[in-house]
Amino acid sequence: MPKLDSQTELHTRLARLYHDRVQVALKAYVEATTAAGRQLTEGVAARAIDPASAWKDAAAYWIDFGQRTALFWDTMRQRGDDWLEHEKAGKPVLLKFPHETIADARTFERPVNYALLRILPGEDTPVDPRRRPFVIIDPRAGHGPGIGGFKADSEVGVAMKAGHAVYFVTFFPQPEPGQTLADVSRVEAEFLRIVRKRHPDTGRPILIGNCQGGWAAMLVGAMEPELVGPIVINGAPMSYWAGNDAENPMRYSGGLLGGVWPALFSSDLGGGIFDGADLVSNFENANPANTLVDKYYTLFSRIDTEPPRFLEFERWWGGYFLMNRAEIKWIVENLFVGNRLAAGEAEWSEGRAFDLRSIRSPIVVFASLGDNITPPQQAINWVLDLYPTTEALKANGQVIVGLVHRSIGHLGIFVSGGVAVKEHAQIVELLHQIETLPPGLYAMQIDERKDAKGKVAYDVTLTEHKVEDLRKLQKYDRKDEIPFEAVAEVSDVNETFYEAFVAPFIKAMVTPAAATTMRAFHPLRMQRWALSSQNPMMASVKASAEMARAGRAPRDPAGPAALAERHAVSSVSHALELYRAIRDATGEYLFFSVFGAMSMAKATASPKAAARTAAHEEDVPGEDYVREAIAKAGQGDFYDAVARMAIMAMKAGTGRRRLSTAQTALGIIADGAGVVGINPETVRERVREQAAIVEFAPERAAATLPDLLPEKDDRARALAIFEKLGETLDLNAAQQALLREFRVRLSPTHGGDGDNVVALDAPSARRKAGRRAQA
């Protein structure tokens, strides 16, 4: 919320905002219902049917309605049977691809309920041994594993089509006794070691994390940075306090529920086990119209074609997995309530915290404007927390690429076939050359076009941005995060009280058998097994469905009765949407009324994010590295010189890099320099070092370039590479001027003059990294 001067002003502003939210919701409801009524009226009028035709349409409709009803409930019976079968089988991973187990962490010295699978390549997807392997971590957030390879067009599928070996990190329904999130991170790091040993001639594995698996991937990258290649995090909530009012109500849940204690209470009722079905319930409650009406009406209205898709998804959606009490406590305390990960305060052992600035690998962040579970702010704000300025990010040698979809929902990021063949496929293509990007923050844009054969093709453009540009995503410059600090403090108080006075009694009363029974009767489970074939009342449903299929007589979908049905259902759906909007507005109002007032009473001036920014101004990561790189700017070889020249050429560009053009340029450089097939980590390290010199000491970088090429033949060879680039690519005026400068500096008679150049001429805005490097 905006900064306010008094409690009265706060409550006045909140009341006004609440009134506006309700009015907007009511207006949307009236408009939607009016449009639905108009559509019904116009549809009936367009048919202009006589009474006899109307009776005929009604008779056909009710026959079809009865048949659809029988088929609908038979599909629900099949869902229940599938659920029981899946439970009996131990809820195995739901991958579309054949696979084998490489390592089972339940057998490790510190066992956890995780395993590493290798996806078996098909005849049409052979593995290219030169390409680094992919390791995909699925979310353990209530559901079971498999979403990353749910269908042929998926993250697994596009990686295999590109010739990569693919490994999948799966998990089992029951956690191992005593396992913690730190244990899980250590196991995932061990999995990466196993994969690295199996592919010693490629670069470090590419790590992909979905939702919760995204921040799990980042934890591994922070804990063991030398094991991890490029990291891709999809829809991952890294900065849970972030978001926009009226758009992201789930971020208020921790405060409205009083912090971490409900998760502990749920775990204690489960005998020390947290039920993932509770997390799934939260997802479903976020959209009651879809949960209660739209999902089932889509099945009912398309009962002849929809059941296979419905049953496939429900098989995954209904597989509820468990966590230990310690695991869910760590997640809620450090992420949902405390938001400690980006602050470097999330400890994996006593006194040892995850520091995301330790990650040395490039990071790709994929989010969506249509995601109300993990909005773009939650996916990307951690960058602002870690790196207050662009110079701080570059000094640490970090490459971050952001990609934002305009509309897809949270689950669509992972399961949509369209997203897989477009966004995920282009991310895979980008990862082939991401090691060559100099440190910085980039926005990835994908444009669709038709190629010469009329097939869909994609153009990918990377545009460099400043870290400061991310603040434009913040509606209130993050002032609305201030009350969340009060939530964290209230949570600590409530947790202390609960642990001291409530938890001992709950733990004493709940037996393992009672906990198992309560989980079995969870509403989400009960609605499945109660409608299965084990229920004698469902026996007649199967017979009725078989009769309906045998004599299927579909209705006229454009008839008056069918139009009236759709209108009736849409009316209920719109009413639930109105309820959701008012419920969310009320929750938001209560949240800021309580915790905003508490924050003002404490005279909190700024959120933790601002304090972190001030602290990070004095603690510039990579500062020593930059100083050392500049100090030896005149030392290096032919490959360092080519890397430096390429980075100088990129900086002289417009800041926009078309992927196809970059591929052409890289091909010319690789062929000319003779580095085809070089280890990507070697490329990355050279690029990082030379980028530090070019970014923080540009004049010294240019002046010492001849020192890297003392031999006449090497100068001619390096110059020839960039002459060819000039002939092949469309250079701008600055790049053409730079090419002329290269010709002068690399002439046989030109000597290095780096010793006569000031070590650093970076502007004062570079702050500590630049100033200390100059010293």
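Me: Why does Lys 91 count as buried?
Reply: Its relative accessibility is 9%. Buried means under 20% relative accessible area, exposed over 50%, and partly exposed in between, with a 1.4 Å probe and protein chains only. So Lys 91 counts as buried at 9%.

Me: What kind of model is this, and what do its values rest on?
Reply: This is a predicted model, where local features need pLDDT of at least 70, side-chain atom pairs count only at pLDDT 80 or more, and totals for chains, interfaces and linings use all residues. Residues are numbered from 1 along each chain as its sequence is written, and side-chain values use heavy atoms, with hydrogens and water left out.

Me: What is the average pLDDT of the protein chain?
Reply: The average is 90. That is the predictor's confidence in each residue, from 0 to 100. At least 70 is reached by 93% of the residues. Residues 754–775 have a pLDDT below 50. This stretch still has 48 contacts in the model beyond near neighbours in sequence (contact: heavy atoms within 4.5 Å). Where pLDDT is low, predicted coordinates should not be read in detail.

Me: Where does Lys 91 sit?
Reply: Lys 91 is in the loop between helix 2 and strand 1 (99–104). Helices (H or I, at least four residues) and strands (E, at least two) are DSSP runs, numbered from the N terminus. The phi of Lys 91 is near 55 degrees, a positive value in a residue other than glycine. Most residues other than glycine have a negative phi.

Me: Which other residue has a positive phi although it is not a glycine?
Reply: Asn 339 has one, at about 50 degrees. Asn 339 lies in the loop between helix 11 (325–337) and strand 9 (347–349). At 2% relative accessibility, Asn 339 counts as buried.

Me: What makes the pair Glu 87 and Lys 91 a salt bridge?
Reply: Their N to O distance is 3.4 Å. A salt bridge is a side-chain nitrogen of Lys or Arg within 4 Å of a carboxyl oxygen of Asp or Glu. So the pair meets in a salt bridge at 3.4 Å. Glu 87 counts as partly exposed, with 27% relative accessibility.

Me: How many salt bridges does the structure hold?
Reply: There are 51. Another joins Lys 394 and Glu 695, at 3.2 Å, N to O. Lys 394 lies in helix 14 (residues 390–395) and Glu 695 in helix 27 (residues 680–696), so the pair ties together parts that are 301 residues apart in sequence. Lys 394 is buried, with a relative accessible area of 11%. Glu 695 is buried too, at 10%.

Me: How do you know that Asp 584 and Arg 583 form a salt bridge?
Reply: The closest N and O atoms are 3.1 Å apart. Within 4 Å is the limit, so the pair qualifies. Asp 584 is buried at 15% relative accessibility. Arg 583 is partly exposed at 27%.

Me: Where is Gln 67, and what does Gln 67 touch?
Reply: Gln 67 is in helix 2 (residues 51–88). At a relative accessible area of 10%, Gln 67 is buried. Not counting residues up to four places away in sequence, Gln 67 touches Ala 548, Gly 551, Arg 552 and Ala 553.

Me: Why is helix 24 called roughly perpendicular to helix 27?
Reply: Helix 24 (residues 623–631) and helix 27 pack at about 85 degrees, with axes 9 Å apart. Axes are lines fitted to C-alpha atoms, for helices over the stretch in contact, and angles run from 0 to 180 degrees between N-to-C directions. Under 35 degrees is roughly parallel, over 145 roughly antiparallel, 65 to 115 roughly perpendicular and the rest oblique. So helix 24 is roughly perpendicular to helix 27.

Me: Which residues of helix 24 meet helix 27?
Reply: Tyr 625, Val 626, Ala 629 and Ile 630 do. Their partners in helix 27 include Glu 685, Arg 688 and Phe 696.

Me: Which residues of helix 10 are buried?
Reply: In helix 10 (residues 307–317), they are Pro 307, Phe 310, Leu 311, Phe 313, Glu 314, Trp 316 and Trp 317. What covers them includes helix 2, helix 8 (276–285), helix 9 (288–301) and helix 20 (523–529).
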